[in-house]
Amino acid sequence: MIDLILRGALIRLFACENLPSEWVDNSNYIYNNYYTRSIVYLGMVMKPCARRFRPNGAFCERMRADVPDYCPHQLIYKMFVGNMPTTNEVKWQSGVHNPETKRKFVCDSWKTKVKWNEKCTDTFSDYNYIVKHVCLDPSQTAKTPEEEDMLCTLCKDAFCSNMDLVNSSASNTFFCTKMITDPTTKKDDDDDPNDLSSSETAEVFKRTCTVIMFTILVVLVMLSLFTLSLILVAAHPMSFN
């Protein structure tokens, strides 16, 4: 009744719901920049901060200048649904001339970027199935060569920036190797669609060799059994009469 009198202001004040697309649309999502309910502040609903800001308790703090607003996973999905992402470039500190200061700044920014990539990977791991499928064939999503190059770069940043080749899964290692060595698969107009690629040719050759070796093994086993039966017949001729 009170909410009717207030025209829904009470529900809007205490409602804490996020749209399914919040993970794509919200900047700095990895820092919990979405609607949350705070127990510390008596159940008050914290609203998302604006771009270039991240939540810090009940307030919003400005992001570092060298940290992007959106993770690569978000931008890849934006391109997939047809929404070209806004610029995600970061601004580097200007006016640094001292070599030692510049070295310290670059090292600090690199460590920050590594941690940021790791946080992006952990936060959006549940969406890897969708994002990786977009990256497997960028030409299906990109409309221009420039967009295709952008998408390939985003895919490398999303899955291959901090990849540990020793501890990484085999599928992820293969995926990153393919992205780094041959990020796009382009065909000429005069290519025959029935032609096999080098990887497909190697796979056919491997299977053919396997079949040939298995056939030789079966023949050898049959010859061995036949030879053994002849030896047994020669050694015990009466037992077969």
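1. Basis of the note. Because the model is predicted, local features are given where pLDDT is at least 70 and side-chain atom pairs count only at pLDDT 80 or more, while totals for chains, interfaces and linings use all residues. Residues are numbered from 1 along each chain as its sequence is written, and side-chain values use heavy atoms, with hydrogens and water left out. Helices (H or I, at least four residues) and strands (E, at least two) are DSSP runs, numbered from the N terminus.

2. Disulfides overall. A search of the whole structure gives 3 disulfides, a disulfide being a pair of cysteine sulfur atoms within 2.5 Å.

3. C49 and C60. The sulfur atoms of C49 and C60 are 2.0 Å apart and form a disulfide, which is left-handed because the torsion about the S-S bond is about -85°. The pair links distant parts of the chain, 11 residues apart, with C49 in the loop between β2 (44-46) and β3 (53-56) and C60 in strand β4 (residues 59-62). C49 is buried at 9% relative accessibility, whereas C60, at 42%, counts as partly exposed.

4. C71 and C120. In this disulfide the sulfur atoms of C71 and C120 lie 1.9 Å apart, and the torsion of about -70° about the S-S bond makes the link left-handed. C71 belongs to the loop between β4 and α4 (72-80) and C120 to helix α5 (residues 99-123), so the pair ties together parts that are 49 residues apart in sequence. C71 has a relative accessible area of 2% and is therefore buried; C120 is buried as well, at 1% relative accessibility.

5. C135 and C155. The disulfide that joins C135 to C155 has an S to S distance of 2.0 Å, and with -90° about the S-S bond the link is left-handed. Distant parts of the chain are linked here, since C135 sits in helix α6 and C155 in helix α7, 20 residues apart. Both of these cysteines, C135 and C155, are buried.

6. Two further cysteines. C107 counts as partly exposed at 35% relative accessibility, and C209 is likewise partly exposed, at 29%.

7. Helix α6 against helix α7. Two packed helices are described by the angle between their axes and the distance between the axes. The axes of α6 (residues 128-136) and α7 (residues 145-159) come within 10 Å and cross at roughly 140°, where axes are lines fitted to C-alpha atoms, for helices over the stretch in contact, and angles run from 0 to 180 degrees between N-to-C directions. That angle makes α6 oblique to α7, given that angles under 35 degrees count as roughly parallel, over 145 as roughly antiparallel, 65 to 115 as roughly perpendicular and the rest as oblique. The crossing of α6 past α7 is left-handed, that is, the near helix is turned anticlockwise from the far one by less than a right angle. In contact (heavy atoms within 4.5 Å) are N128, V131, K132, V134 and C135 of α6 with L151, C155 and F159 of α7. These residues divide into 6 nonpolar, 1 polar and 1 charged, where Ala, Val, Leu, Ile, Met, Phe, Trp, Tyr, Cys and Pro count as nonpolar, Asp, Glu, Lys and Arg as charged, and the others, Gly among them, as polar.

8. Helix α4 against helix α7. The axes of α4 and α7 come within 8 Å and cross at roughly 145°, and α4 passes α7 in a left-handed crossing. From α4, P72, H73, L75, I76 and M79 meet E147, M150, L151, L154, C155, D157, A158 and F159 of α7. By class, this contact of α4 with α7 holds 10 nonpolar, 1 polar and 2 charged residues.

9. S27. This residue lies in the loop between α3 (22-25) and β1 (36-38) and is buried, with 5% relative accessibility. Not counting residues up to four places away in sequence, S27 touches N33, A50, R51, D69 and Y70.

10. T177. Helix α8 (residues 170-181) contains T177, which counts as partly exposed at 39% relative accessibility.

Note on methods: Buried means under 20% relative accessible area, exposed over 50%, partly exposed in between (1.4 Å probe, protein chains only).
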